[in-house]
Every structure is written in structure tokens, then in C-alpha cells.
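Colleague: I have a structure to get through and I am new to this. Can we go over it together?

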Amino acid sequence: MTFTAVPLTLYPDMFPGPLGHSMAGRALESGTWNCAPVQIRDFATDRHRTVDDTPAGGGAGMVLKADVLAAAIDHAMAAHPGLPLLAMTPRGTPITQARIRALSAGPGAIILCGRFEGFDERIFEARAIEEVSMGDIILSGGEMGALLLLDACIRLLPGVMGAASSGDDESFENGLLEYPHYTRPVNWEGRTIPEVLRSGDHAKIAAWRKQQAEDHTRLRRPDLWERHIDARARPASGARRKEKD
């Protein structure tokens, strides 16, 4: 199955962009995934190909028109049936690695990229759209967020990273930040690779890495640490059923 990325955008030339290089670029060339951007402006009906208008009630900026967006969305969904429909927006649900894994396991995604002040709200009432945020930041458009999301998905596609376990220990995969890494030279500017990593004792190395991941997460991301502790303390569904019985 080929993963298909369908960005709906006013700037289709931004895709695949950086995803045409390195691992993602090789996967694109091999057909592991493909990119089919849709120009939203193609669905404007007036001679000026207008895609936006002034905000109802006044205010600064411009708003993307619901009728034009709906036509672009309907076209993309008809051309790529079965793909989930996402919109990049700061008010969306913050993306998680778990959601990325779920998307990468599917057929791809249609991703609506906003510009200006955003979307006419009625598009979310009229179409089933998953609103997604890449973090508490403001970008000039949804394209950069879409590229981040796609990069996270593509690297998980079979064969893209090489060994199937390549990403298993990385940050967020197990609810923790990743442990620190070192490589040669052993001594650099008076700093030495921790002795445990040179011991050859795999059990001690694994324990050290686990402890480092927990310490880094607790100190640097207390919010992530709290979620990790809550998840670890939560009983398995089977145990809950047994207690109820």
C-alpha cells in the first residue's frame, strides 16, 4: 500500500519541498509514498479566482471562503477515497506520536493548509475534519505544519528508516524523552563518554538509558512525566474487569 499525501494549499510548489530529500526523498522515488498537492485556487468560481474575503463583523486580515474550500475538499476526497481529512490549525488537538503512528499505518491523509486569518468556520460544520495543531506556535500558513506532520509519518513507513526497530527508543515513542547519545572520540575537550556505555554490559547500559530517559523527562518536561506516571499507574483493562467482577 502506498501512503498518499494530499495537501490542499494555495502554494502547491511547497510540496514535497524538504520531503524530496534524504530518507523521505528516497522513499518518494521508490514509490513508498506519493505527494499529490491540490491548488485551492483552482476551485474559485469568479474570474479573479478569489479564495478569501474580509471577516464578517469586521477585523483585520482575510478569511478563506467556505464554498471554495468545500469544492477543493470534495474534489480531493472523491479522487482519494478513504483518506482521513485533517486541517492544520492552532486550535486543533496537539499532535502526538501515537496519532502519527496511526496515520502512518493508514493509506495517507488529505491535509487542509490554512492562510491569512484562517478558515470560514462553517467548513468545519459542513465537513468531517480533524483539526490538528503542531504546537503552541503561530506559522504563516499550514504548509509548514503539514510538512512536519508528513515527515513524522513518512519516516515510520516500512523500509524508510531501514531496520524496523530504528525508531523504537526515540523521544515520545514510550512516553519519555530519549536518553542522551555519545560517540567517538571517547575524550573530547576534557569530557568523557560515561563509563557504563563503554562497559559492554548490556543490562547495565539498558538500565542507565532508562534512568536517563526518566530523569530528563521529569526535569525538562514535567507535563510529559505526569502523563507517563499516570499511564504507568493505570490498571490494565483486564485488571479493571476483574475488580468489577
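Colleague: What does the protein chain average in pLDDT?

Modeller: The average is 92, and 92% of the residues score at least 70. pLDDT is the predictor's confidence in each residue, on a scale from 0 to 100.

Colleague: Where does pLDDT stay under 50?

Modeller: Over residues 240-245, and for that stretch the model has two contacts beyond four places in sequence. Contact means heavy atoms within 4.5 Å. Where pLDDT is low, the predicted coordinates should not be read in detail.

Colleague: New topic. Is Leu 86 buried or exposed?

Modeller: Leu 86 counts as buried because its relative accessibility is 0%. The cut-offs are under 20% relative accessible area for buried, over 50% for exposed, and partly exposed in between, with a 1.4 Å probe and protein chains only.

Colleague: Which strand is Leu 86 in, and what does Leu 86 touch?

Modeller: Leu 86 is in strand β6, residues 85-94. Strands (E, at least two residues) and helices (H or I, at least four) are DSSP runs, numbered from the N terminus. Not counting residues up to four places away in sequence, Leu 86 touches several residues, including Leu 103, Ile 110, Ile 129 and Leu 149. Glu 130 is also on that list, and the C-alpha atoms of Leu 86 and Glu 130 are separated by 4.6 Å although the two are 44 residues apart along the chain.

Colleague: You mentioned Leu 103. Where is that one?

Modeller: Leu 103 is in helix α3 and counts as buried, at 4% relative accessibility. Beyond four places in sequence, Leu 103 touches Phe 3, Pro 84, Leu 86, Leu 149 and Cys 153. Pro 84 is 19 residues from Leu 103 in sequence, and their C-alpha atoms are 8.4 Å apart.

Colleague: And Ala 102, buried or partly exposed?

Modeller: Ala 102 is partly exposed, with a relative accessible area of 43%. Ala 102 is found in helix α3, residues 97-104.

Colleague: What about Thr 4? Which side chain does it join in a polar contact?

Modeller: Asn 34, at 3.3 Å. A polar contact is a pair of N or O atoms within 3.5 Å; within protein, one must be able to donate a hydrogen and the other to accept it, and residues adjacent in sequence count only if both atoms are side-chain atoms. Thr 4 lies in strand β1 and is buried, with a relative accessible area of 11%.

Colleague: What is phi of Ser 22?

Modeller: Near 55°, a positive value in a residue other than glycine. Ser 22 is in helix α1 and is exposed, at 52% relative accessible area.

Colleague: Last topic. At what angle do α6 and α7 pack?

Modeller: Helix α6 (residues 202-220) and helix α7 (residues 222-233) pack at about 125°, with axes 5 Å apart. That makes α6 oblique to α7. Angles under 35 degrees count as roughly parallel, over 145 as roughly antiparallel, 65 to 115 as roughly perpendicular and the rest as oblique. Axes are lines fitted to C-alpha atoms, for helices over the stretch in contact, and angles run from 0 to 180 degrees between N-to-C directions.

Colleague: Which residues meet there?

Modeller: Glu 214, Thr 217, Arg 218, Leu 219 and Arg 220 in α6 meet Pro 222, Leu 224, Trp 225 and Arg 232 in α7.

Colleague: And Glu 214, buried or exposed?

Modeller: Glu 214 counts as buried, at 10% relative accessibility. Its side chain joins that of Lys 210 in a polar contact of 2.7 Å.

How values were computed. Residues numbered from 1 in each chain as written. Predicted model: local features only at pLDDT ≥ 70, side-chain atom pairs only at ≥ 80, totals over all residues. Heavy atoms only, no water.
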